[in-house]
Amino acid sequence: MTGHRTRLDATTGQILDHLDTRHLPAGELLLRCGNRRATRCPACSNVYRYDTYQLIAAGLRGGKTVPTSVSTHPRLRHPHRPRLRPRP
Ligand SMILES: [Zn+2]
């Protein structure tokens, strides 16, 4: 992405910050493509992989707004394994 942006204080008109992509190291603002496939974008697929790990880990041991008490009552069940007792 190329261009510039200037943020002003709405009441005083003072310049709060200014960004011009010509002054960035790459000469443009680099944005994530967000593709989850490693063959398409290794960098974005790594971010997705790390996010997925954190979601699964939080569901098993708590964290990321999930209480740690979740680790004492896991609700894991093999999707193809029959239940031990039939439902009443
Ligand atoms: Zn990407």
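Strand β2 lies largely in the open, because zero of its six residues are buried. The structure is a predicted model. Its secondary structure amounts to one helix and two strands, arranged along the sequence as β-β-α. Of the 88 residues of the protein, 0% count as buried.

**The two strands**

- β1 covers residues 4-8 and pairs with β2 in the antiparallel sense, over five bridges.
- Within this pairing, L8 stands opposite I15 in β2.
- The hairpin of β1 and β2 has six residues between the strands, and G13 takes a positive phi near 80 degrees there.
- In a regular strand, side chains alternate between the two faces of the sheet.

**The loop between β2 and α1**

- L29 sits in the loop that runs between β2 (15-20) and α1 (42-61).
- L29 has 13 other C-beta atoms within 10 Å, so this residue is partly exposed. The reasoning rests on two cut-offs: a residue is exposed at 12 or fewer such neighbours and buried at 20 or more.
- Apart from its neighbours within four places in sequence, L29 is in contact with M1, T21 and L24.
- L29 and H4 are 25 residues apart along the chain, and their C-alpha atoms are separated by 9.9 Å.

**The helix**

- α1 has 20 residues, which at 1.5 Å a residue should span 28 Å; the end C-alpha atoms are 28 Å apart, so the two values agree.
- Zero of the 20 residues of α1 are buried, and therefore the helix lies largely in the open.
- An α-helix has 3.6 residues a turn, so residues three or four places apart point the same way.

**After the helix**

- K64 lies in the segment after α1. Its phi is positive, about 55 degrees, although K64 is not a glycine.
- K64 counts as exposed because it has 9 C-beta neighbours inside 10 Å.
- T65 is also placed in the segment after α1. T65 is not a glycine either, yet its phi is positive at about 75 degrees.
- T65 has 6 C-beta neighbours inside 10 Å and so counts as exposed.
- Most residues other than glycine have a negative phi.

**Contacts along the chain**

- Among contacts between residues at least 6 apart in sequence, 9% join residues at least 24 apart.

Key:
Residues are numbered from 1 along each chain as its sequence is written. This is a predicted model: local features need pLDDT of at least 70, side-chain atom pairs count only at pLDDT 80 or more; totals for chains, interfaces and linings use all residues. Helices (H or I, at least four residues) and strands (E, at least two) are DSSP runs, numbered from the N terminus. Two residues are in contact if their C-beta atoms, placed from the backbone, lie within 7 Å. Two strands pair if DSSP finds at least two bridges between them. The expected span of a helix is 1.5 Å times one less than its number of residues.
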